[in-house]
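Q: I'd like a close look at a single part of this protein, the inside. Could you walk me through what packs against what in there?

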Amino acid sequence: MSQQGSRSVSVIGLGPMGQAMVRALLAAGTAVTVWNRSSEKADEMVALGAKRAATVAEALDANDVIVLSLTHYAAMYDVLGRAVDRLPGKVIANLSSDSPGNAREGAAWVRSHGAEFLSGGFMSAGDNITHPASYVFYSGPRAVFEEHAELLRPLSPQEYLGEDDGVAQVFYQALLVTFHPWMLAFDQALAVIERSGHDIDQFLPYAQRSSEAYPFFMAEYAAAAKSGGWGDLAAFAMMDAGAQHIIDASDEVGVDATLSRVAQGWWRRARTASEEAGRPVSIFELMRSEVS
């Protein structure tokens with residue numbers, strides 16, 4: 001029987017993010033029922049005060065609002081497919097990562113079984129959802145979001161983006177587009193420092209200091225993108241040369257420069273495309289596939 005009208009929620013999926021969400025909800029005084037494919041992951045959550053559901057059906061029956069924290073949307077079909085007869089009247093808030101198209105298809109599937117649906121994208125410092133920079137993108141019907149926003153608020157500050165079920169994943173994945181190469185690039189930078197015989201701790205504050213300029217570049221690039229993107233032949237030649245210097249510095253100390261070679265390849269593509277078109281062709285244009 002669902003705990004209708006109380007501050008209660010079921011969380012399905014207890015990886016690091018799922019466990020972090022359970023902790024946040026419990027800390028806010030919310031009653032939480034948990035289910036995970038491997039039951040041992042629920043032990044710690046039960047010790048903190050969560051209630052264990054033996055089955056997916058039991059987790060769905062326990063509450064009206066169900067939060068999913070799974071690897072991808074395909075897992076949602078596998079998990080909820082075990083108890084589709086329990087879905088009518090429920091609200092499924094899927095905070096799993098996937099493509100916008102898969103989120104839209106997942107929303108349609110959930111609604112076809114009589115439940116409401118919200119898509120979410122969790123921007124956080126890893127599984128540290130209490131970090132000041134953490135927040136959650138939501139999309140789906142505004143009325144459904146507003147009805148349950150207070151219940152979900154302990155998870156992190158909320159950013160509602162609109163009715164399109166896929167837009168939360170559009171924004172979420174777009175931010176990860178920048179984060180993944182940054183992670184790789186920073187490891188390359190640290191490897192260059194270390195293999196050059198220098199102190200990573202000495203380097204770190206300079207790296208943090210340089211990152212303070214990133215918001216400026218973001219604003220500049222965003223403004224340029226609205227009119228076709230940034231760059232000209234001289235700029236592309238300079239960046240090509242700069243990439244070569246990075247590659248040389250990495251090669252000299254035996255650090256893999258694959259990422260820098262990929263970057264150089266893009267600068268060279270922009271140079272060639274600009275020369276062929278007789279006008280600046282930005283990498284933004286090339287990535288949008290507007291130029292062959």
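**Inside the protein**

A: Let's start with Tyr138, which touches Leu95, Ser119, Gly120, Phe145, Leu152, Leu155, Gln158, Glu159, Tyr160, Leu161, Gly162 and Ala168, leaving aside residues up to four places away in sequence. Touching, or contact, means heavy atoms within 4.5 Å. Keep in mind that this is a predicted model, in which local features need pLDDT of at least 70, side-chain atom pairs count only at pLDDT 80 or more, and totals for chains, interfaces and linings use all residues. Residues are numbered from 1 along each chain as its sequence is written, and side-chain values use heavy atoms, with hydrogens and water left out.

Tyr138 belongs to the largest nonpolar core, which has 31 residues; Tyr138, Val22, Val32, Val34, Val67, Leu95 and Leu155 are the ones that touch the most other members. Helix α1 (residues 16-27) gives the most to this core, with 6 residues. There is also a second, separate core of 23 residues, including Ile66, Leu68, Val110 and Ala115. A nonpolar core is a set of buried Ala, Val, Leu, Ile, Met, Phe, Trp, Tyr and Cys residues joined through side-chain atoms within 4.5 Å. Buried means under 20% relative accessible area, exposed over 50%, and partly exposed in between (1.4 Å probe, protein chains only). In soluble globular proteins, nonpolar side chains tend to be buried together.

Next up is Asn94, found in strand β5 (residues 91-94). Helices (H or I, at least four residues) and strands (E, at least two) are DSSP runs, numbered from the N terminus. Why does Asn94 count as buried? Because its relative accessible area is 0%. Asn94 touches Leu68, Tyr73, Met76, Phe117, Leu118, Ser119 and Gly120, again skipping residues up to four places away in sequence. So Ser119 and Gly120 turn up on the contact lists of both Asn94 and Tyr138, with contact meaning heavy atoms within 4.5 Å.

The secondary structure comes to 12 helices and 8 strands. Among contacts between residues at least 6 apart in sequence, 60% join residues at least 24 apart.
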